[in-house]
Amino acid sequence: MSEGATRIAADMPLIDAPYRDWVEAARRLAELIYRFNELKAADAAGLQEQVRTLQLNADARLKEWVFRHFTDLPSLPVAKAPVMVHHVPRYLAMRRSSGEDRIALVVFDGLALDQWVQIREDLSARVSEFSVDEGACFAWLPTLTSISRQALFSGLKPREFQSSMGTTAQEPSLWSKFWQENGLRRPEVTYQKGLKRSEQLAALEETLSRPTTKVAGIVVDMIDEIVHGAMLGKRGIAGQIRDWCETGFIEELFTMLSQHGYHIYLTADHGNVDAEGIGRLNQGVVSEMKGERVRAYRSEDLASSVPPEIDAFQFGKTGLPSDFLPLYAEARGAFVPAGHQIVAHGGMSVEELIVPFVKIRMKKEENAT
């Protein structure tokens with residue numbers, strides 16, 4: 001594993017690398033993080049510093065790249081694969097035009113690429129005919145659910161749903177609207193969130209089994225729930241994901257979708273990262289939106305009210321409303337009491353910004369489609 005980390009460090013994309021290089025680098029890093037988190041604590045201890053240095057260097061390199069190239073990503077073509085999460089609905093509409101009559105988009109809220117690797121490996125061990133077409137795409141910045149997941153279901157840039165940027169309540173109607181604009185009728189489109197346990201699947205199946213249902217948007221939010229309650233960092237989260245996989249929920253969900261003829265696509269709205277507190281921002285109502293890794297302000301003056309001892313940087317404008325200015329915690333910092341260790345999202349790290357986009361196959365005969 002040490003040799004693998006050294007190779008990834010040596011092959012880190014340069015400042016003018018194409019976005020595909022970052023997708024590939026993120027996937028390789030995710031495989032390494034997954035293997036690291038699978039190690040026993042005693043074995044992991046000797047590699048911890050090398051892995052952390054690699055992660056920090058990758059994040060710093062990605063930040064430089066984002067400052068120069070992120071603005072190009074939203075308008076790139078999507079015919080072969082989505083580059084950003086808001087491209088996903090358009091890509092799926094193309095897949096329907098190519099003959100994939102029934103499509104299910106399964107969004108694992110908050111799922112980092114390394115955690116997808118863990119789930120993939122579990123499914124591979126459990127399901128003999130399981131296979132996957134691997135890929136990844138970029139979340140929206142800031143990597144907050146109400147921004148990036150709403151973009152994912154609407155097919156819009158955040159400035160195009162400005163009035164609902166602080167909530168996910170509009171997702172069902174935005175998802176339905178996209179598909180109605182692409183030739184489907186309202187009863188042919190469904191949206192379900194809050195899924196995490198097997199006992200919820202019977203009610204979902206009732207909707208999915210209707211002949212009229214053509215497109216399903218499904219939010220699985222167990223990962224996000226685990227992340228926000230995490231006490232032992234991402235290594236601890238890996239153990240909780242392992243326990244959840246053993247309940248059989250994911251296998252049952254995908255099997256059910258496959259049995260009803262759905263082409264299954266899995267993605268996430270953002271990932272998550274180990275972070276350390278750099279100090280609270282006690283600004284009352286000054287900030288428009290608050291995350292542990294990001295704050296958003298309505299003006300430059302308000303953003304500049306952040307105390308100088310707080311290590312943070314500004315990056316905004318791309319796809320965002322003109323009066324929405326995010327301020328990000330530097331590196332792997334978080335706006336919580338100094339020294340506190342948390343798992344969080346909202347920032348610009350590799351593990352938060354580049355998320356899985358994969359096609360799931362649960363039986364061999366689907367390979368021909």
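Arginine 96 is buried (under 20% relative accessible area, with exposed over 50% and partly exposed in between, for a 1.4 Å probe and protein chains only), at a relative accessible area of 18%. The model is predicted, so local features need pLDDT of at least 70 and side-chain atom pairs count only at pLDDT 80 or more, while totals for chains, interfaces and linings use all residues. Residues are numbered from 1 along each chain as its sequence is written, and side-chain values use heavy atoms, with hydrogens and water left out.

**Exercise 1.** Identify the salt-bridge partner of arginine 96 and state how accessible that partner is.

*Solution.* Step 1: the partner is aspartate 101, and the closest N and O atoms are 3.0 Å apart. A salt bridge is a side-chain nitrogen of Lys or Arg within 4 Å of a carboxyl oxygen of Asp or Glu. Step 2: aspartate 101 has 37% relative accessibility and therefore counts as partly exposed.

**Exercise 2.** Locate the salt bridge between aspartate 323 and arginine 298 in the chain.

*Solution.* Step 1: the closest N and O atoms of this pair are 3.1 Å apart. Step 2: aspartate 323 lies in the loop between strand S10 (312-314) and strand S11 (325-329), and arginine 298 in the loop between strand S9 (294-297) and helix H13 (300-303), so the pair ties together parts 25 residues apart in sequence. Helices (H or I, at least four residues) and strands (E, at least two) are DSSP runs, numbered from the N terminus. Step 3: aspartate 323, at 29% relative accessibility, is partly exposed; arginine 298, at 34%, is also partly exposed.
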